[in-house]
Amino acid sequence: MRRADRRPVAGAQGRRGPSRRGLLRITFSWLLWLGFAALGAVAGLWAAATARFLFPNALKEPPQRFKVGFPADYPPAHVESRFKDEHGVWVVHGTYRGQAQIYALSSVCTHLGCITIWQEEQKRFKCPCHGSAFYMDGINYEGPAPRPLERYAIRIADDGQLEVDKSRTYQEELGQWHDPDSYVPT
Ligand code: FES
């Protein structure tokens with residue numbers, strides 16, 4: 001065979017596709033872009049988590065003040081459960097130290113914060129977590145709860161309805177249930 005026949009044909013290398021170095025460069029570029037994309041995603045998630053921490057459920061939280069109907073809607077010895085799920089409140093027409101009152105009790109157990117349930121037959125609030133029990137007036141008498149349920153402020157609004165204000169709480173063990181803002185006499 002003559003020497004001239006063994007020479008590479010012009011352009012043959014170009015048709016074999018990218019060189020190994022070219023492939024490495026492309027792979028590296030893709031990895032770089034993937035890295036930037038992942039970094040961006042993490043930064044976005046972090047920003048969203050920070051915003052949620054700074055403005056927690058600002059639009060979803062139920063209002064602190066809300067109307068619960070007229071005093072006449074509450075017969076004596078009645079516990080109203082309608083406001084428990086949305087507001088975490090029992091509205092009760094009961095007695096405290098012999099005085100008939102309407103008051104708003106927190107549904108949160110004073111042991112470790114579980115949500116109490118009302119047991120109509122036993123006329124008591126019961127905590128399903130560790131068994132604490134509270135009389136209708138909110139005083140604890142059984143289980144590990146160290147103190148009574150808390151009261152929220154309640155008053156008669158201008159339209160004659162009862163209005164609960166969860167921004168103010170009253171604790172029996174501190175003598176705060178004597179505060180006239182913690183009940184409506186009946
Ligand atoms: S949280 Fe209610 S008894 Fe423990």
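Exposed means over 50% relative accessible area, and buried means under 20%. The model is predicted.

Q: Is Trp33 buried or exposed?
A: Trp33 sits in helix α1, which covers residues 20-54. Its relative accessible area is 61%. The cut-off for exposed is over 50%, so Trp33 is exposed.

Q: About how much accessible area does the nonpolar surface patch with Trp33 have together?
A: Trp33 is one of the residues of a nonpolar patch on the surface. Phe28, Leu32, Phe36 and Leu39 belong to the patch as well. Together these five residues, Trp33 included, have an accessible area of about 630 Å².

Q: How many residues apart in sequence are the parts that Arg65 and Glu163 tie together?
A: The side chains of Arg65 and Glu163 meet in a salt bridge, at 3.7 Å from N to O. Arg65 lies in strand β1 (residues 65-67) and Glu163 in strand β10 (residues 162-170), so the parts tied together are apart in sequence by 98 residues.

Q: Is Asp165 buried or exposed?
A: Asp165 forms a salt bridge with Arg65 at 3.6 Å, N to O. Asp165 lies in strand β10 and Arg65 in strand β1, so this pair ties together parts 100 residues apart in sequence. The relative accessible area of Asp165 is 6%. Buried means under 20%, so Asp165 is buried.

Q: Which residues do salt bridges with shared partners join into one network?
A: Asp165 also forms a salt bridge with Arg168, with the closest N and O atoms 3.5 Å apart. Through salt bridges that share partners, one network joins Arg65, Arg155, Glu163, Asp165, Arg168 and Asp181.

Notes
Residues numbered from 1 in each chain as written. Predicted model: local features only at pLDDT ≥ 70, side-chain atom pairs only at ≥ 80, totals over all residues. Heavy atoms only, no water. Patch = residues over 30% accessible without salt bridge, like charges linked within 9 Å, V, L, I, M, F, W, Y side chains within 5 Å. Areas by Shrake-Rupley, 256 points an atom, 1.4 Å probe, with all protein chains shown as cover. Salt bridge = Lys/Arg side-chain N within 4 Å of Asp/Glu carboxyl O. Helix = DSSP H or I, 4+ residues; strand = E, 2+ residues; numbered from the N terminus. Buried < 20%, exposed > 50% of the residue type's maximum accessible area, 1.4 Å probe, protein only.
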